[in-house]
Amino acid sequence: MEEVTVKTYVKGIYCIQCPEIIISGLLQTRGVIDADVAYFQSLVTVTFDPEIISEEKILQLLNEMEYEPIPRRPTVSEQIASRIGYLFRGKNKTGEEQR
């Protein structure tokens, strides 16, 4: 089995639960072997079997989970805006009410 690793920065990581949500969602996907998230860098690393799933599909899955892949590390202002934006929406990504 061939393994390929892809790394991508994402927008939308605003709380300590976000990496758990991303990792859990990816690991439930057929073909994904391993997943990791560097919280402070907003960097997602995914190891996968390219015979089962493509890099494009992994990026699409991240986008569907509302973590938009971007080609560079988010700026500090983008990270702050992401965190503030979710506070004003009233619910976090797991659907629980914000306090």
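**Sheet**

I looked up V6 and found that its bridge partner in strand 3 is V46. The model is predicted, so to speak of local features I need pLDDT of at least 70, and side-chain atom pairs count only at pLDDT 80 or more, while totals for chains, interfaces and linings use all residues. Residues are numbered from 1 along each chain as its sequence is written, and side-chain values use heavy atoms, with hydrogens and water left out.

I took helices (H or I, at least four residues) and strands (E, at least two) as DSSP runs, numbered from the N terminus. Two strands pair if DSSP finds at least two bridges between them. Strand 1 (residues 4-10) is joined to strand 3 by six bridges, in the antiparallel sense. Strand 2 and strand 3 also run antiparallel, with six bridges. On that side, I found A35 opposite V46 of strand 3.

I then read the sheet as a whole: it is open, has four strands in the order 2-3-1-4, and its pairing is antiparallel. Strand 2 and strand 4 (69-70) are at the edges; each has a single partner strand, so one side of each lacks a neighbour in the sheet. Helix 1 (residues 18-27) packs on the sheet and touches strand 2 and strand 3. The direction of helix 1 makes about 170 degrees with that of strand 2; axes are lines fitted to C-alpha atoms, for helices over the stretch in contact, and angles run from 0 to 180 degrees between N-to-C directions.

I also checked the hairpin of strand 2 and strand 3. Four residues lie between the strands, and S42 takes a positive phi near 55 degrees.

Is T45 buried or exposed? T45, in strand 3 (residues 43-48), has a relative accessible area of 18% and is therefore buried; the cut-offs are under 20% for buried, over 50% for exposed and partly exposed in between, with a 1.4 Å probe and protein chains only. Contact means heavy atoms within 4.5 Å. Leaving aside neighbours within four places in sequence, I found T45 in contact with T5, V6, K7, D34, A35 and D36.

D34 belongs to strand 2 (residues 32-38). At 44% relative accessibility, I noted D34 as partly exposed. Not counting residues up to four places away in sequence, D34 touches L27, T45, V46 and T47. From D34 to T5 the C-alpha to C-alpha distance is 9.0 Å, at a separation of 29 residues in sequence.

**Cysteines**

How many disulfides does a search of the whole structure find? I got zero, with a disulfide taken as a pair of cysteine sulfur atoms within 2.5 Å. C15 is in no disulfide, and its nearest cysteine sulfur, that of C18, is 3.6 Å away. C18 is likewise in no disulfide. C15 counts as buried because its relative accessibility is 17%. C18 counts as buried at 0%.

**Aromatic rings**

I found one aromatic pair in the structure. Rings of Phe, Tyr and Trp (its six-membered ring) pair if their centres lie within 6.5 Å; planes under 30 degrees apart count as stacked, over 60 as edge-to-face and the rest as tilted. The pair is Y39 with F40, edge-to-face, at 4.9 Å centre to centre and 80 degrees between the planes. Y39 is buried at 16% relative accessibility, whereas F40 is exposed at 66%.
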